[in-house]
Amino acid sequence: MSAFPFRSALVTGASAGIGAEMARQLGEAGVPTVLVARRRERLEEIASRHDDFDVLEADLTTADGLDAVSERLADTDAPIDLLVNNAGFGTGSPFHEIEADRLADEIGLNVTALTVLSNVALRSMVERGRGYLLNVASVVAFQASPGLATYAATKAYVQSLTEALHEEMRPFGVHVSSLCPGLTRTEFQEVSSTEGYIDRIPGLAWTEADDVARAGLVGVAKNRATIVPGALYKGAVAVGQVTPRAITRRIGGLVTRT
């Protein structure tokens, strides 16, 4: 019997990191799951370890990829009970040094794709009177982050959107939650060119992908609006809410400076 209330799931960005760990935990709980990412071989490897797993190769920065996943979410013959919008990436560079195409892809994946898929999923969930939406944001959603400016801005959008949807969906029996992890050792550091954080930032500040994934899945099942894994980051978010923004952005700049 599943340890979670989900009857089925779809996880984007499921080929590595937190998304892959969520897939593993859902598989071990016996939840039929659709895995979405660009790397089919990685998805097939994960799917081979569990029963009732399907693979959907899709690049969510493209119209075709977004349409394919939207179509799967709208399938009433095989409804998705839990959508995890985990796909996303960042760019650890001064804003003026980043190519415009990369900025467009970052915003397209972190903001546009998440918004469209949330909309499609919630339409079906409201009709059924049940469902779960888990959007992966970040602790940087709560403050400006010089050196990760676009990433932090996209995650602030995700946080604001998700909090609003949490309240909108309350009358319909649909759970909507935002997962806001802190530093977590995944492929994110390589993709975002922030590998230097690994050596510069103490081990105490790092969380593990399995703990983050479980916190997210448990949190959305309990309909928590915002889920911040780890006591350190819970405290940091709480302090940040009462600290003047001029101070938090200066601190953010010191942390991300390489």
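**Helix crossing, sheet and cores**

Visitor: What makes the crossing of α1 and α8 right-handed?

Guide: The crossing is right-handed because the near helix is turned clockwise from the far one by less than a right angle. This is a predicted model, where local features need pLDDT of at least 70, side-chain atom pairs count only at pLDDT 80 or more, and totals for chains, interfaces and linings use all residues. Residues are numbered from 1 along each chain as its sequence is written, and side-chain values use heavy atoms, leaving out hydrogens and water.

Visitor: How do you know which residues of α1 and α8 meet?

Guide: Contact means heavy atoms within 4.5 Å. In α1, M22 and L26 are among those meeting α8, whose partners include V212 and L217.

Visitor: Why are β1 and β4 called a pair?

Guide: Pairing takes at least two DSSP bridges, and β1 (9-12) and β4 (82-85) have three, in the parallel sense, so they qualify. A9 stands opposite L82 in β4. The open sheet's order is β3-β2-β1-β4-β5-β6-β7, with β3 and β7 at the edges, pairing on one side only.

Visitor: What makes up the largest nonpolar core?

Guide: The core has 36 residues, with L10 and L73 among those touching the most other members. Its largest share, eight residues, comes from α4. Members are buried Ala, Val, Leu, Ile, Met, Phe, Trp, Tyr and Cys joined through side-chain atoms within 4.5 Å, buried being under 20% relative accessible area with a 1.4 Å probe, protein chains only.

Definitions and conventions
Helices (H or I, at least four residues) and strands (E, at least two) are DSSP runs, numbered from the N terminus. Buried means under 20% relative accessible area, exposed over 50%, partly exposed in between (1.4 Å probe, protein chains only).
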